[in-house]
Amino acid sequence: MYKKIAATALILGLAIPGISQAAKVKIGFVNSITGPEAPIGENLSNGVTLALEDLKKRGIEVDLVKEDDTGKPEKSMAAFEKMATRDKVSGVVGPYTSATANAVAKLAEKYKTPLLIPVASKDEITRQHLKWTYRLSATTYDYATILLDMATSLGKPKTMAIINENTDFGTSGAKSAKAYAAKKGIIVVAEESYAKGSPDYRGTLSKIKSKNPDLVFMVSYVADAILLMRQSREIGITPQAFLGAGAGFATVAFAKEQDISNNVFSSTQWTGDVNWPGARDFDKRYKAKFGKEPSYHAATAYESMIIMAETAAKAGGDREKIRAALKSGKWNGIMGEVKFLDYEGYTNQNHHQMLVEQIQNGVHQTVYPPKYVSKKPVYPFPGWKK
Amino acid sequence: MTPTGGISALTKLFSTKPQKIISNLLIGADTTMKFPLNNNKGISSLAVITSLVIIALLFMLPNYVQSTYALHIMILIFINIVMGSSWNILGGYTGQYSVGHSAYFGVGAYTTLILMQFRQIPPWYGVWAGMLAALVIALIIGSICFRLRGPYFVLASIAVAEIFRVSALNLKDITNGAEGILTTEIPPFTINGTVITDFASKVPFYYTGLVFVLIVILATWLIQHSKLGYFFQAIREDQDAAHSLGISLTLYKNTALGISAILTSLAGSLYALYVGFIDPTTVLSLELSVSIVLICIIGGIGTIFGPIIGALVLVPLSEALRSNMVGEALISSGLVSAESKFGNFLTENLSHAHVLIYGILVVVVILFMPDGVLGFFRALSAKKHKETV
Amino acid sequence: MNIFIQSLISGILIGGVYALIGIGLTIIFGVMRVINFAHGDLLMLGMYGTYYLFTLFNIDPFVSIVFTIPLMFLYGGFLQKFFINRVLGSLPQNQILLTIGMGLIMSNVVMLAFTSDYKILSTTYSSSSFNIMGISISSPLLISFAITAVITAALYWFLLKTDTGQAIRATAQDREAAQLMGINVKRMSIIAFGLGSALAGTAGALISPTYYIFPQVGSIFTLKAFVITVLGGMGSIVGATLGGILIGVAESIGGVYFGSGWKEVVVFVLFLLVLLFKPAGLMGKSNT
């Protein structure tokens, strides 16, 4: 008789999924582990690490195939190809940077492997009618719109100067800013695209100062962001607002330079105090585990891995099923509501709600849109402290 | 648009005129005068047979090897051989060390992709346009830089390549600037309506690469065994003496550069079509120029097989390090325990270290094997022969 | 007009730092005829040293050159004795490749040790400036310029007035003749490389409060250093000083009038023009 009970219990146990066995999925992760974007890449890796922990708790074992693309598109393409053909992953999360993401999006189509891009903002990536590429983060156009919408809601700026790094991300950001400024009736009085690595922007900045722009729109990664602001302070540029398009301006390293970061705005995909489900908790756990604040990159990577792994587990690792599930699915996690839609020429693009932060006394505070505000924005720019 | 047209043109260039000039000037001298490093002993039939067998095997390889990764490595090796061998013609044989060869690589890459992406001109025509552009640019660069000698020439070649790179970054309307050019699809290659290949797999790139390698090696061989090659090497050994013998420095240096540039642009075009993405940092950088020189130096400059060996050493090494194969191999073979601190350090960092290994390799080769791997082994075997005699 | 003067002034100030890098390279080339492609990486080491002295021991970057100079001098001497010395007789191409390899090793070891994170050295005066008639002058850059001037003057005095200095100049002028005169040319080479490294490291220290620090920062400066030395004349310290300032100004003004993306092209075009029309440089003698 005991044998019968034991047998029944065993059968019942096996029949209820998730109780005795964890679902196993094989997911690829391409990232800038080394190279110039390594500091931001670190955020993505850490986000994924936390995601794997949480997934394990939910009974999903992720066999993670990690590849370093050093920020170069040809390396990310090689990595993606290896993952899709040799490692035979069910799906890929990553990479970071617009250039690498754009490159692998094509390959996803070729190898029919689902690709979920956590954060790469070049507009064109999801404007190519690709079926297998999904993007979680908002685009550079959204960066521009949120910043300019905010500026025009707080004041009446009429002119704008654009300074951008001449990379993929920078050029795309500048293009978007210019296009949206035209829509808002803001005149672009100066457009300077610089090659990163120069120690001296003073000449360029004094040129911009002479045009007296109401807004200064900047697209840079961390190091140049700091140099630009330092030298803006030296030259004495005082617009109504400094608008930073994410990236360097959203990092803690920039915020810490209080002399120069105070009252600078930055568009962002996520903040630690936003009230999306689990966001604040994620912020705390990240700080506890890694000893530093997460940037929005960490949050996007976390959410992307969760979405990809859960979808893969439900679809039993089948790529076509995963693709269909990504297309039709809906999620609500630390990045807020996620749904991959086709709209305004985009395909499989999550229409993500962007936020704007302002650095006040060395800390990023969410200041726009109004329903997410943690602190009121300071506008116009109150000038430089001496 | 097959390569054979090019080969016959090359052959014509090498055969006639120089013979007249040199016999007039070197009265009484044997026209098969040998210069150092010129391996002009007749070709043994064994060597011919071995080479033919290897070539045949290489042609048949894709039928037996299904792994796309292996094909990928072979294609990279082919591109590297072409890069190294073309540089070899200018640097190894003529002694003009250009550390700005990425300019020609980039010109080939950009011309081919710009024509294909923006003007829908198929790459088999685009490649020729690339070669032409590279030739024109080479002649311009030559006229500027060849007035300079030795280290000044090196610096000038770097400056020119950098000007190209920055220009490519800034002339966004032509080159798309920093965003680079991403290919969507290569049009299928048809002859009389039948599709030969649609470039969906790696195999057509493999064969193209193999053919390019054969072209370059043939070109090098022809140069080495021709009067042109003598002039090049004479210039390398002592420019002024060569000049006093009536060898026109301008003509021959520019010829070497022209040939070198054309072949390098072939490598660039193939790279662009294969990888599918180019930007100024990948195809016009100083780093690329340095690695082109490295391929030759490590293998052995001024020899036909030097660049081949250099590519065979560098490509697998770079790939093995990058993908952490070395670390994994060490661990799985039991030499290093995966748990130990050293083991952890290896897995974490070895893949980032491949540039470091490059640097160490360069230093070691220059200090201990300045004639490259080939020269090192040749010296070894020469010593051996001395001992047995 | 204001913009022009502003770019001129900031160009001159940053040109001072460039000059220091150029002087170091020109000494090395003058004495050993070696083109040191690792020069920028020596600067990078100086930057990292300064950074850690600042963050760990709170030593101000400008003060820390007291440590940087001797340490980099010893390091340079070490490099010369054990590596560069072996190729002094070989083809210049081999020398170049050797220094390229050494540079790669240095920058990548630093990358492995300290990661490629950009490090920012922020002092209280990093972004301070003062205003003269509407032109803002960066305080840290002005201090760097002053220190550079002092060091250059001291170097000049050393080379003109001391025995060792004159021995170095003799070696630079004619190595064989100097050797025949009883000068230990090997030792002179070691001192020269040490000096060059010390100057590069100091330039790194001086620029660190106003720039950012990462392992690959060297390559940007190496190319500039070459342009400066050729412009000024290989082996001429005055030439390198003028060259540095000229390049700083050309970059700055070029950036304003041609767009900052074209800055580097301005520098390289200038470089090619000099190579073509006056390869000996502004102050150089043509005895390569």
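Me: Why is B:Asp240 called partly exposed?

Reply: B:Asp240 has a relative accessible area of 46%. Buried means under 20%, exposed over 50%, and partly exposed in between (1.4 Å probe, protein chains only), so B:Asp240 is partly exposed. This is a predicted model, in which local features need pLDDT of at least 70, side-chain atom pairs count only at pLDDT 80 or more, and totals for chains, interfaces and linings use all residues. Residues are numbered from 1 along each chain as its sequence is written, chains are lettered from A and ligands numbered from 1 in the order in which they are written, and side-chain values use heavy atoms, with hydrogens and water left out.

Me: What makes B:Asp240 and B:Arg149 a salt bridge?

Reply: Their closest N and O atoms are 3.1 Å apart. A salt bridge requires a side-chain nitrogen of Lys or Arg within 4 Å of a carboxyl oxygen of Asp or Glu, so the pair qualifies.

Me: Why is B:Arg149 called partly exposed?

Reply: The relative accessible area of B:Arg149 is 38%, and therefore B:Arg149 counts as partly exposed.

Me: What makes A:Glu124 and A:Lys175 a salt bridge?

Reply: The closest N and O atoms of A:Glu124 and A:Lys175 are 3.9 Å apart, so the pair meets the distance criterion.

Me: How do you know that A:Glu124 is partly exposed?

Reply: A:Glu124 has 29% relative accessibility, so this residue counts as partly exposed.
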